[in-house]
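Let us walk through this structure step by step. Begin with the sheet, then turn to the aromatic rings.

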Amino acid sequence: MTQSDLRYMRLALSLGRRGLGRCAPNPAVGCVIVNGGRIVGRGWTQPGGRPHAEAVALAQAGQAARGATAYVTLEPCAHHGKTPPCAASLIDAGVVRVVVAISDPDPRVDGDGLDMLRSAGVEAEVGLCADEARADLAGFLTRVTQGRPMVTLKLASSFDGRIATASGDSQWITGKRARRHVHAMRATHDAVMIGAGTARADDPALTARGLGVAHQPIRVVLSRHLDLPLDSQLARTARDVPVWICHGRRAAPELVSAWAGIGAEMIEVGEAQGALDPMSVLEALGTCGLTRVYCEGGGSLAASLLLAHVVDELVGYTAGVALGAEGRPSLAAMGIGRLSDAPRFDLVETRAIGGDILHRWRQRQR
């Protein structure tokens, strides 16, 4: 591998990120085609998952793809679906070398794409920028290997870990730039998820605003008994921006019908210990095709996800304000008696956003 290989793969990764939050259940892949030291094609997975990144880049390259090298962030697919296999398309276009970041664990691919390329005499290499690709494609990889979407848990709190005063006043603990960053994070996920308590208390819209984005994430609400106001922002806009409600088996049929009647997608999930089971919720969302879920609370939902060890990434926004012990904590009680039982995360990034601090953490492998 050369420095040029590294540069082109990093470009492919940056292109792939443009599809985050827009191409589920497919992965957000990037592709760059280079011939004679000149970029002749660029592509990323398009909204809805098709066309694939390779197809977009090949269409742009045209005849210039013959004799070229393709840089792809995920192993090209080898199976026939709504479109021909990308591996076959690369072969037919005359590409002579393919550099892949990571192989695809999907059973329909799982090495077959690389084998198809090599059998046709195409030089195929894998492993360049693998860690970066795994991070970018974590949602797709988690859904394929664990049957659930990747979960990003967002916590915006005071310096002492509070999300509101004792009276419930919370607007605004963090500043405008941090809140704008939250909207950008929403836009890179397939769905934004909250609990019923947050839906009742805050009446949120849960849309990505102020960024000029046309695509909106699905709004997911967890409500065991469907005790949600039917005159809320979510209810009024359910036909404009999708609302999915995960509820328990004993939710009143008339409430299920009422929410379905205004356009919400109703998803019955399992229960555990008097609440909706986090794993049942996530498996249901994975079955529906979601790969990336951005959880914005509240405290009970956040605690349940942490205890279930299904939070893959933790994103904190910490403000320089202290609210004291009487303030409302960012997490509900978790019943942890020993420090060794607490969920652990490894620091990935920390930086200032306006007057606040962003810190991003990734789940430590147990």
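In which sense do strands E10 and E11 pair, and over how many bridges? Strand E10 (residues 243-247) pairs with E11 in the parallel sense, over four bridges. Within this pairing, Trp244 has Glu265 in E11 as its bridge partner. Strands count as paired if DSSP finds at least two bridges between them. Helices (H or I, at least four residues) and strands (E, at least two) are DSSP runs, numbered from the N terminus.

This is a predicted model: local features need pLDDT of at least 70, side-chain atom pairs count only at pLDDT 80 or more, and totals for chains, interfaces and linings use all residues. Residues are numbered from 1 along each chain as its sequence is written, and side-chain values use heavy atoms, without hydrogens and water.

Now take the whole sheet. It is open, has nine strands and mixed pairing, and runs in the order E11-E10-E9-E8-E14-E6-E15-E18-E17. Strand E11 (265-268) and strand E17 (345-353) are the edges, each pairing on one side only. From one strand to the next, the twist averages 20 degrees.

Next come the rings. There is one aromatic pair (ring centres of Phe, Tyr or Trp, its six-membered ring, within 6.5 Å). Tyr8 and Tyr71 form this pair, with centres 5.3 Å apart and planes at 45 degrees. That makes the pair tilted (under 30 degrees is stacked, over 60 edge-to-face, the rest tilted). Tyr8 lies in helix H1 (residues 3-16) and Tyr71 in strand E3 (residues 69-74), 63 residues apart. Both Tyr8 and Tyr71 are buried (under 20% relative accessible area, 1.4 Å probe, protein chains only).

How values were computed
Axes are lines fitted to C-alpha atoms, for helices over the stretch in contact, and angles run from 0 to 180 degrees between N-to-C directions. Buried means under 20% relative accessible area, exposed over 50%, partly exposed in between (1.4 Å probe, protein chains only).
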